[in-house]
Amino acid sequence: MIDLHLIGIGTGNPDHLTRAAVTAMNAADLILLPRKGDAKSDLIDLRRTICADVLIGSTRVVEFDLPIRDARAPYLEAVDDWHDAIATAWATQIATHLPDGGRLALLVWGDPSLYDSTLRIADRLRADGIALRVHVEPGITSLQVLTAAHAIPLNTLGAPVLITTGRRLREGGWPAGADTVAVMLDGGGAFEVLVPEGIDIWWGAYLGMPHQALLAGPLDRIGPQIVRTRAALRERHGWIMDIYVLRRRPATKAT
């Protein structure tokens with residue numbers, strides 16, 4: 001039996017780890033760290049730093065190469081195949097390092113419940129016949145770090161919030177019935193499809209990291225600056241993770 005602990009680690013800042021996360025890491029027999037290629041070496045470096053900071057016992061840390069998603073294939077098909085490949089990679093590591101079972105931990109950016117597929121990949125292991133019990137330690141999400149960095153509430157008074165992806169925003173425009181929209185997994189500038197007047201944006205990249213970048217203001221003025229800044233940061237670091245909140249301003253009453 002494998003006890004799989006999916007541990008939310010926030011946005012890479014060791015100060016964002018919960019005490020429950022630290023306890024779970026130290027209770028694990030094995031922590032697997034995925035390598036995502038040279039362009040994203042910062043990501044595994046942060047995971048290494050977190051392990052070095054909090055592990056005090058005999059937990060083993062093993063790195064493995066994460067399969068790469070085929071960017072040429074249709075998106076949903078490519079993601080499905082990619083998740084199958086990741087599940088196979090996990091199964092290989094389990095067979096190699098925990099052949100008799102034990103406690104396995106994976107460190108998940110943000111929280112495993114919000115636009116993360118780790119839980120779905122774990123389901124694939126079960127479907128393939130691996131005896132698995134899944135435990136989740138919640139983490140601070142990038143959305144929480146974004147609103148904290150800008151010192152704003154996520155919702156307006158008594159109003160709902162819609163969380164979506166850049167792909168959905170680009171394809172469908174502003175979601176019906178929403179005044180506040182949080183956008184994740186944007187490949188870049190999906191907000192450019194919107195009529196910007198009357199919309200404010202709060203944007204952040206590399207949240208919680210030393211090179212965190214923030215911009216906020218009216219979308220018609222700040223949007224082009226975000227596009228330029230994002231491109232420059234991606235060029236500088238070789239990768240980027242960002243998120244933003246869009247909010248429609250209340251209509252002013254005629255006098």
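**View 1. The end of helix α5 and the residue after it.** Ala 151, with a positive phi near 55°, follows helix α5. The model is predicted: local features need pLDDT of at least 70, side-chain atom pairs count only at pLDDT 80 or more, and totals for chains, interfaces and linings use all residues. Residues are numbered from 1 along each chain as its sequence is written, and side-chain values use heavy atoms, with hydrogens and water left out. Helices (H or I, at least four residues) and strands (E, at least two) are DSSP runs, numbered from the N terminus. Helix α5 covers residues 142-150, and its buried residues are Ser 142, Leu 143, Val 145, Leu 146, Thr 147 and His 150. Here, buried means under 20% relative accessible area, exposed over 50%, and partly exposed in between (1.4 Å probe, protein chains only). These buried residues of α5 pack against β6, β7 (180-184), β8 (199-205), β9 (213-218) and β10 (242-248); contact means heavy atoms within 4.5 Å.

View 2. An open sheet of 5 strands has the order β6-β7-β10-β8-β9, with mixed pairing. Two strands pair if DSSP finds at least two bridges between them. Strands β6 and β9 are the edge strands, each pairing on one side only. On average, neighbouring strands of this sheet are turned by 15° against each other, direction ignored. Strands β7 and β10 pair in the antiparallel sense over 4 bridges, and Val 183 stands opposite Tyr 244 in β10. Helix α7 (residues 219-237) packs on the sheet, touching β8, β9 and β10, and its direction makes about 160° with that of β9. Axes are lines fitted to C-alpha atoms, for helices over the stretch in contact, and angles run from 0 to 180 degrees between N-to-C directions.

**View 3. Thr 165 in strand β6.** Thr 165 is placed in strand β6 (residues 162-165). With a relative accessible area of 11%, Thr 165 is buried. Not counting residues up to four places away in sequence, Thr 165 touches Tyr 115, Val 183, Met 184 and Leu 185. A polar atom of the Thr 165 side chain lies 3.1 Å from the backbone nitrogen of Arg 168.

**View 4. The parallel sheet.** In the order β3-β2-β4-β1-β5, 5 strands form an open sheet with parallel pairing. Strands β3 (60-65) and β5 (132-137) stand at the edges with a single partner strand each, so one side of each has no neighbour in the sheet. The twist from one strand to the next averages 25°. Strand β1 (residues 2-8) pairs with β5 in the parallel sense over 6 bridges, and Ile 2 stands opposite Leu 132 in β5. Helix α1 (residues 19-27) lies across β1, β2 (30-35), β4 (102-108) and β5, running at about 145° to β1.

**View 5. The crossing of helices α3 and α4.** The axes of α3 (residues 75-97) and α4 (residues 118-127) come within 9 Å and cross at roughly 65°. By class, their contact has 8 nonpolar, 2 polar and 3 charged residues. In this classification, Ala, Val, Leu, Ile, Met, Phe, Trp, Tyr, Cys and Pro count as nonpolar, Asp, Glu, Lys and Arg as charged, and the others, Gly among them, as polar.

**View 6. His 83 in helix α3.** His 83 lies in helix α3 and counts as buried at 6% relative accessibility. The side chains of His 83 and Ser 117 are joined by a polar contact of 3.5 Å. A polar contact is a pair of N or O atoms within 3.5 Å; within protein, one must be able to donate a hydrogen and the other to accept it, and residues adjacent in sequence count only if both atoms are side-chain atoms.
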